[in-house]
Amino acid sequence: MRPLKVFLTGASSGIGRALAREYASRGAILGLVARRADALRELATSLPNPNAASIYPVDVRDAEALALAAQQFIARHGCPDIVIANAGVSVGTLAAEREDLDAFRAVMDINWFGTLATFQPFIAPMRAREPVDGWRGTLVGIASVAGVRGLPGAGAYSASKAAVLRLLESLRLEERPHRIRVVTIAPGYIRTPMTARNPYPMPFLTDADVFARKAVRAIARGRRFVVVPWPMRWVAALLHVMPRWLYDLLFRRAPRKPRDPAGDAR
């Protein structure tokens with residue numbers, strides 16, 4: 001059985017690093033994308049088979065650079081079986097603060113546009129390949145439970161992840177006739193450098209390697225939508241149906257990530 005080919009953004013730390021290590025442990029051929037070349041090199045050399053990992057130091061806001069990385073991966077390894085758009089940032093923001101506008105734009109560009117820019121170069125090659133077990137490939141987006149409702153002090157992050165949820169939903173409908181699966185994974189609180197800066201309790205906090213194992217299993221099954229860890233699925237469902245008056249009452253004084261418009265938690 002041939003190894004899986006996986007292309008993954010945001011691979012240098014947190015969830016992305018855990019996913020890379022999990023797929024590497026399963027013998028996958030990897031295309032690893034992140035901005036920091038040194039972190040990518042360190043990750044690749046730590047994997048069981050460093051020669052099976054190609055690294056691409058790219059900012060996901062640069063669609064042309066992502067397209068070039070996709071072309072290079074395909075030229076070397078062929079069309080990937082799985083493309084995972086994982087790169088993301090989370091910073092505390094306030095809409096009333098003029099200096100936060102750049103942070104709002106950056107978060108949306110990285111989290112939402114970066115997801116689209118990651119997938120786009122691979123859609124045509126996936127459509128053109130022969131199906132395997134009835135499918136031509138899988139596009140995976142890492143969304144968030146935070147995209148279900150707008151959280152105070154996290155308007156940029158919540159809005160970007162809500163946009164990711166809707167983008168993935170649209171893509172799922174568009175690509176199913178072409179036998180391309182679209183999987184949405186919505187993490188709750190995962191122990192990463194991004195959540196390390198949260199100065200408040202994080203229910204059901206889950207280690208990144210545990211998340212990665214569960215996510216990889218869900219991707220293999222072609223799950224349309226999955227929340228990890230599973231108790232957060234019920235939290236997300238409750239938030240989704242909660243009346244606005246009750247949501248406002250419960251969350252208007254919710255604890256917030258420290259405001260840091262110049263920060264970058266990738």
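In this predicted model, Phe-7, Tyr-56, Phe-73 and Phe-122 are joined into a cluster by ring pairs.

Consider Tyr-189 and Tyr-200. Their ring centres lie 6.5 Å apart and their planes meet at 65 degrees, so the pair is edge-to-face; the label applies because the angle is over 60 degrees. The two residues stand 11 positions apart, and their pair links distant parts of the chain. Tyr-189 belongs to the loop between strand S6 (180-187) and strand S7 (190-191), whereas Tyr-200 belongs to the loop between S7 and strand S8 (206-207). Tyr-189 has a relative accessibility of 23% and therefore counts as partly exposed. Tyr-200, at 17%, counts as buried, because buried means under 20%.

The rings of Tyr-247 and Phe-251 are arranged in another way: the centres are 4.6 Å apart and the planes are at 20 degrees, so this pair is stacked. Both residues lie in helix H8 (residues 244-251), where a spacing of four residues corresponds to about one turn of the helix. Tyr-247 is buried, with a relative accessible area of 7%, while Phe-251, with 24%, is partly exposed.

Tyr-247 also has a charged neighbour. Arg-149 lies over the face of the Tyr-247 ring, at 4.4 Å from the ring centre. A further arginine, Arg-179, places its charged end over the ring of Trp-135, 3.9 Å from the centre of that ring.

Definitions and conventions
Residues numbered from 1 in each chain as written. Predicted model: local features only at pLDDT ≥ 70, side-chain atom pairs only at ≥ 80, totals over all residues. Heavy atoms only, no water. Phe/Tyr/Trp six-rings, centres within 6.5 Å; stacked < 30°, edge-to-face > 60°. Buried < 20%, exposed > 50% of the residue type's maximum accessible area, 1.4 Å probe, protein only. Lys NZ or Arg CZ within 6 Å of the ring centre and 35° of its normal.
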